Amino acid sequence: MRTLRLATWSLRVHVRGAAVVAILLLLLAVVSVLAMSTGSALSPGRALASLLGYGDATADLVVHGFRAPRVLLGLLVGTALGASGAIVQSLTRNPLGTPDLIGVNAGAAAGAVFMILVGGAVLPGALGCGLLAGVLVYALAFKRGVGGTRLVLVGIGVNAMLHSAIAYLLTRADLYDAQNAKMWLIGSLAGAGWDRVWPLALTLGAALPAALVLSRSLSMLELGEEVASGLGLRVERLRLALLVVAVALSGVAVSVSGPITFVALAAPQLARRLTRSPGPGVAASAATGALLLTTADLLAQRLPTAGQLPVGVLTGVLGGLYLAWLLRRAAAGSGRGWRSR
Amino acid sequence: MRWTGLGLCLAALALVAGLSIAVGAQSLDPATVWQVLWHPDAGQASSIVHDLRIPRTLLGLCVGAALGLSGAIMQALTRNPLADPGLLGVNMGASLAVVCAIMFFGVEDLTVWVWFSMAGALLAAVAVHLIGSDHLVLAGAAISACLLGAVNAALSLDAGVFDQWRYWDVGALNGRSMEIVVQVAPFVAAGTLLALALGGGLNALSLGEDVGRSLGLRPGRTKILAALAVTLLCGAATAAAGPIGFVGLMAPHAVRAFTGADHRWVLAFSAVVAPALLLAADVLGRVIVRPAELESGIVTAFVGAPIFIYLLRRRRFA
């Protein structure tokens, strides 16, 4: 931990954390360029030229029309999921406490599945139902404040109902519609266009700075409510602000790409292990989420499978294997006694 | 006080089990049901009661008890109130095994799926344990995510597999023959005995491993046995009825508000309350959309979740 000073301003910087974020961003840039410049129908050289503004018409169409929005969408969704995951895990002090648990994802999923089955507009349906579910969970958990565990348990209850509703819809629909809905539920970036990038970019533009600013108080909140209010924090108001940010981030991300599994759970855990930082690490988690998702999507497009796999398949496998490997290594390294939060 | 409560819960369970035999999509009057229950004949009523409703009720009892117990153990073992019995990777292991059975072996028979999903559940639990017995929650989540990825890959590439899988994944008690009850009952029985014997060990474990050790218990052995019990119970339940998630998470919570933190009581109550809830949901699912039926996996959440939220708002929860 170092302190940077400039006149009357000072900023405490976690050196290893900052280095990790820088490396992650560098990797992210490499993967993004790879994703935009490789693939069929276009040589890497032509794609790269188009990316730099010297492309021919075909290359411009492919890169700007299809590949750039897809890569950007992956980046933004990963960032949003990683950041919101870090916030909620820290708020609930539970590694299982992802934004899914507040009901946003399941609400969005139920709304989207319903819209797919009746043939309505998916994005607004998902967004509306997702936010509604988030508000419902907060309202049901509110009783002179929302304690961390009660919020998540109420969320589990509401989630269970929404998932049942989804299972009901899936078994009653005809196979074609049901499979479309299932693909959406796995989470996919296929067919991404600028119309899906913009809503998320705007949300991130507003919510990510807020998340980064609030995350400093979040590490005080991790010390416990009494200590935090003793340090002068207004706990309930802070918690509501953090929840709103997390819900907005994950709600919009899920609405544009489907509930991509495991990024929100794995990114904060991976980031915490990479930075060895005790705090919530919103920035590192956001960068990890973005890298995880863009890498998974690159693989999803390039793997020689019978059809193109939705990215949600690969985030689970990649993130799961990596987290399992980290856990195994930590257990082997320190014998017993090493313990995750 | 607790004994009275347990007696009341058992009475409620008996009542619901009775209802489960008496009530169904095909309405039979209670006198007929009573008559054919003890004197089976060749008639339609007798066939409904003996071939459909009794196996279904027994299955509900087995599955419900297994889910309640495995949920209670899982929450004690991980000391995490959000842990559900599937967390050990059991549900996802079973799910992947069923997908493999359909995809590679062309199996469409529920009774064969049972063996596949038991094996899948066991393998997944072993993998989770090998990776991180010290942080089961994360190891379980990591392995579950990998397995879910594999399941989703299969489902998104093969519409035929998806079409069969979606009915299994809902979680239901209907359409299961007596044969399935006989298949899973030994596993549930073994798991139940093991679970009920573990109560004291789990109490010591909840004080922390060091305290447990100084009390003369062996926390390592308790944890392994507890994980084994969860795998047997939750694996058998999922094999028989598909993944029914919410009961196993909710029952121990609801029970703990009444019994306090003593795991011996939490286990005993969970084993009674969970099947009562599951069977009640199943009976309700048979009557609300007559003559069609709603799968109990669906109704359970819609009956259980409001009660759960009401309890959460009323009381302080551990």
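User: What should I keep in mind about the numbering and the cut-offs?
Analyst: Residues are numbered from 1 along each chain as its sequence is written, with chains lettered from A and ligands numbered from 1 in the order in which they are written. As the model is predicted, local features need pLDDT of at least 70 and side-chain atom pairs count only at pLDDT 80 or more, while totals for chains, interfaces and linings use all residues; side-chain values use heavy atoms, with hydrogens and water left out.

User: What makes Glu295(B) and Arg172(A) a salt bridge?
Analyst: The closest N and O atoms of that pair are 3.0 Å apart, and the rule asks for a side-chain nitrogen of Lys or Arg within 4 Å of a carboxyl oxygen of Asp or Glu. The rule finds one salt bridge across the interface of chain A and chain B. Over all chains, the count comes to seven. Glu295(B) sits in the loop between H13 and helix H14 (296-314) of chain B and Arg172(A) in helix H6 of chain A, so the pair joins two chains.

User: How many residues are in contact between chain A and chain B?
Analyst: 57 residues of chain A touch 49 residues of chain B, contact being heavy atoms within 4.5 Å. Together the chains bury about 4,400 Å², 71% of it on carbon and sulfur atoms; buried area is the accessible area (1.4 Å probe) that two parts lose on being put together, summed over both. Leu96(A), Leu153(A) and Met161(A) supply 13% of what chain A buries against chain B, more than any other three residues.

User: Why is H7(A) called roughly perpendicular to H7(B)?
Analyst: Their axes come within 11 Å and cross at roughly 90°. Angles of 65 to 115 degrees count as roughly perpendicular, under 35 as roughly parallel, over 145 as roughly antiparallel and the rest as oblique, and that makes H7(A) roughly perpendicular to H7(B). Axes are lines fitted to C-alpha atoms, for helices over the stretch in contact, with angles from 0 to 180 degrees between N-to-C directions. Helices themselves are DSSP runs (H or I, at least four residues), numbered from the N terminus. Among the residues that meet here are Leu175(A) and Lys182(A) on one side and Phe162(B) and Trp165(B) on the other.

User: And what makes H9(B) and H13(B) oblique?
Analyst: The axes of H9(B) (residues 199-206) and H13(B) (residues 263-287) come within 7 Å and cross at roughly 130°. H9(B) and H13(B) are therefore oblique to each other. Residues in this contact include Gly199(B) and Leu202(B) from H9(B), and His263(B) and Leu267(B) from H13(B).
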